[in-house]
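Subject: Structure handover and findings

Hello,

Here is the structure I promised to pass on. Please open it alongside this email, and my notes follow below.

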Amino acid sequence: QVQLIESGGGLVQAGGSLSLSCAASGRTLSTYVMGWFRQAPGKEREFVAAISRSGSSTYYADSVKGRFTISRDNAKKTVYLQMSSLKPEDTAVYYCAAGSIWGEIRVAVFPSNYAYWGQGTQVTVSS
């Protein structure tokens, strides 16, 4: 079991930056592949980024590649999402998730592969 709490969301102007954190409690964080997802009003939850257990592999949605960076600190049990060059279309509730995922990091794009989810943090990008 692991509990996840996101923080760092807020309101930012287009072109700005924001950093999200996901603090975990319970089992050792290094046990899990970690992912960030987002959900905008009226839309399905979509994959944003994922990071392997050691942090050596990352994977991004095309829509955020080059603008967002996922990282993790297993000792601090925290996962981060650094977002820059934000666009209004990045507006959504952002969720972190933990999954016992094996194989290529690309399979981490599917929400069904994650067993644990945080409550989400709102990110709003104004134009």
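K65 is partly exposed, with a relative accessibility of 48%. The side chain of K65 pairs with that of D62 in a salt bridge, 3.1 Å from N to O. D62 is exposed, at 66% relative accessible area. Please keep in mind throughout that this is a predicted model.

**Other salt bridges**

The count for the structure is 5 salt bridges. Oppositely charged side chains can pair when their charged atoms come close.

R38 and D90 meet through their side chains in a salt bridge of 2.9 Å, N to O. R38 sits in strand β4 and D90 in the loop between β8 and β9, so this pair ties together parts 52 residues apart in sequence. R38 is buried, with a relative accessible area of 5%. D90 is buried too, with a relative accessible area of 1%.

D90 also forms a salt bridge with R67, where the closest N and O atoms are 2.7 Å apart. This pair links distant parts of the chain: R67 is in the loop between β6 (58–60) and β7, D90 is in the loop between β8 and β9, and 23 residues separate them. R67 counts as buried, at 10% relative accessibility. Through shared partners, salt bridges join R38, E46, R67 and D90 into one network.

**A buried arginine with no salt bridge**

R72 belongs to strand β7, which covers residues 68–73. What is the nearest side chain of opposite charge to R72? It is D73, at 8.4 Å. The cut-off for a salt bridge is 4 Å. R72 is buried, yet it has no salt bridge.

R72 does have polar partners. Its side chain makes a polar contact with the side chain of N74, at 2.8 Å. The R72 side chain also reaches the backbone oxygen of R53, at 3.4 Å.

**The disulfide**

There is 1 disulfide in the structure. It joins C22 and C96, with the sulfur atoms 1.9 Å apart. C22 lies in strand β3 (residues 18–26) and C96 in strand β9 (residues 92–99), so the bond ties together parts that are 74 residues apart in sequence. The torsion about the S-S bond of C22 and C96 is about 50°, so the disulfide is right-handed. Are these cysteines buried or exposed? Both C22 and C96 are buried.

**The nonpolar core**

Which residues touch the most other members of the largest nonpolar core? They are M34, W36, L81, M83 and Y94, out of 39 residues in that core. The elements that give two or more residues to this core are β1 (2–7), β3, β4 (33–39), β5 (46–51), β7, β8, β9 and β11 (121–126). In soluble globular proteins, nonpolar side chains tend to be buried together.

Most residues other than glycine have a negative phi. Two residues to look at here are K77 and S85.

- K77 has a phi near 55°, a positive value in a residue other than glycine. K77 is in the loop between β7 and β8 (78–83). K77 is partly exposed, with a relative accessible area of 26%.
- S85 has a phi near 50°, again positive in a residue other than glycine. S85 is in the loop between β8 and β9. S85 counts as partly exposed, at 40% relative accessibility.

**Overall fold**

How many helices and strands are there in the protein? It has 0 helices and 11 strands. The C-alpha atoms fill a box of roughly 40 × 25 × 25 Å along the principal axes. Of the 127 residues, 43% count as buried.

Best wishes

Note on methods
Residues are numbered from 1 along each chain as its sequence is written. This is a predicted model: local features need pLDDT of at least 70, side-chain atom pairs count only at pLDDT 80 or more; totals for chains, interfaces and linings use all residues. Side-chain values use heavy atoms; hydrogens and water are left out. Helices (H or I, at least four residues) and strands (E, at least two) are DSSP runs, numbered from the N terminus. Buried means under 20% relative accessible area, exposed over 50%, partly exposed in between (1.4 Å probe, protein chains only). Lys and Arg count as positive and Asp and Glu as negative; His and the chain ends are not counted. A polar contact is a pair of N or O atoms within 3.5 Å; within protein, one must be able to donate a hydrogen and the other to accept it, and residues adjacent in sequence count only if both atoms are side-chain atoms. A disulfide is a pair of cysteine sulfur atoms within 2.5 Å. A nonpolar core is a set of buried Ala, Val, Leu, Ile, Met, Phe, Trp, Tyr and Cys residues joined through side-chain atoms within 4.5 Å.
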